[in-house]
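Hello,

Here is the structure we spoke about.

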Amino acid sequence: MKALTLFPMGLAAMLASTTATIASHESRIEGAVQTTLAGQAVFGPVRGGNSASFSLELGAYSDNGAVVFSRVSAERPRTGTYQVVAFGPGEESEREFHALISLGSVAAPLGAFRAVSGTVTILQSTPAKIVGRYEVKAVGFLATDPENEGREITVRGGFTAEPAATAPRFEASTHGAVEASPRGPAEFGTVGDGRTTRFTLNLGASSELGAIVLSRVGGSRPLVGVYPVSAAGAERSGDFSALVVTGSPAMPTGVFHADRGTVTITSSTADRVAGAFELHGTGFLAANPDDENREVVVSGWFSATPHVTAVTMTLR
């Protein structure tokens with residue numbers, strides 16, 4: 001039986017070294033599967049050994065799927081229409097793209113498909129942004145029936161992508177009751193219940209690896225500086241509260257509230273908030289929810305952009 005392994009996310013791995021436009025993509029899949037995909041969109045060269053290629057990754061950290069285009073030239077493609085061709089032997093052309101489509105998340109894949117034909121049309125191409133649309137036909141299999149590799153789908157969509165080096169992102173390390181390395185998209189904004197407004201840094205809300213919510217009373221964006229982290233409900237003016245969820249938000253393996261720590265804001269503009277954090281928290285594991293005194297230490301960094309959808313996780 002074929003093992004369901006998804007293609008490597010080259011640019012996703014490179015994002016560990018990131019330090020602004022809001023990039024996104026949307027697509028519709030028809031055929032053997034009927035669904036929609038949406039998420040982050042990044043582009044850039046991927047270098048390996050003595051060679052390099054160009055990658056356009058649409059939804060690399062999404063929990064519903066991704067579309068990844070690649071070509072042999074590492075140069076950013078100019079405006080125009082490019083053919084999408086199947087992987088095969090022989091010399092590849094710089095005017096051609098390959099495409100891979102995954103369904104589900106990296107942690108819980110539902111299917112994988114390789115494009116056999118189609119086009120990618122680049123409408124705008126600058127060092128800061130690539131805008132375009134595409135239509136591809138692909139063949140592959142579903143996790144429920146991996147031996148049937150001939151299922152066909154058609155994928156149509158559009159995108160506004162930004163360089164991988166500036167994509168909104170966070171990475172962290174969790175130690176103690178849970179050993180994990182959560183990472184994923186990073187957004188900031190305000191949430192409120194009609195009485196209280198809070199500024200929120202939402203780190204990894206759509207990630208299968210874990211999520212962190214940093215929040216403080218007041219909707220104003222914090223200035224550059226170091227801010228204490230206090231227990232939820234006991235914050236002084238200007239303090240942050242923090243919630244750490246391990247596993248996915250839909251199926252958490254643990255939930256922890258920070259008792260203390262710091263949030264350091266190194267950059268704060270209307271387009272981006274960046275910084276680092278260290279959190280000391282207590283909570284419980286899903287396997288033993290009655291023990292609420294498990295301890296974790298979480299540290300990491302973030303580079304967040306304004307959220308384009310409602311924040312789905314709060315401290316309450």
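Start at F69. Apart from residues up to four places away in sequence, F69 touches F54, S55, L56, L58, V84, F97, H98, A99, V120, Y134 and V136. Contact means heavy atoms within 4.5 Å.

This is a predicted model: local features need pLDDT of at least 70, side-chain atom pairs count only at pLDDT 80 or more, and totals for chains, interfaces and linings use all residues. Residues are numbered from 1 along each chain as its sequence is written, and side-chain values use heavy atoms, with hydrogens and water left out.

The largest nonpolar core has 30 residues, and F69 and I101 touch the most other members. Such a core is a set of buried Ala, Val, Leu, Ile, Met, Phe, Trp, Tyr and Cys residues joined through side-chain atoms within 4.5 Å. Buried means under 20% relative accessible area (1.4 Å probe, protein chains only). Strand β9 gives the largest share of this core, five residues. Strands are DSSP runs of E, at least two residues, numbered from the N terminus. A second, separate core has 27 residues, among them V178, A186, V263 and V298.

Now the cavities. A cavity is a set of points on a 1 Å grid over the protein atoms alone where a 1.4 Å probe fits but cannot get out; lining residues have an atom within 4 Å of a point. T174, A180 and P182 are among the residues that line the largest cavity. β15 (210-217) and β17 (241-247) each supply at least two lining residues there. The second largest cavity is lined by V244, F256, H257, A258, L279, H280, G281, V296 and V298.

Best wishes

Methods:
Buried means under 20% relative accessible area, exposed over 50%, partly exposed in between (1.4 Å probe, protein chains only). Helices (H or I, at least four residues) and strands (E, at least two) are DSSP runs, numbered from the N terminus. On a 1 Å grid over the protein atoms alone, a cavity is a set of points where a 1.4 Å probe fits but cannot get out, and a pocket is an open set with protein on both sides within 12 Å along at least five of seven lines; lining residues have an atom within 4 Å of a point.
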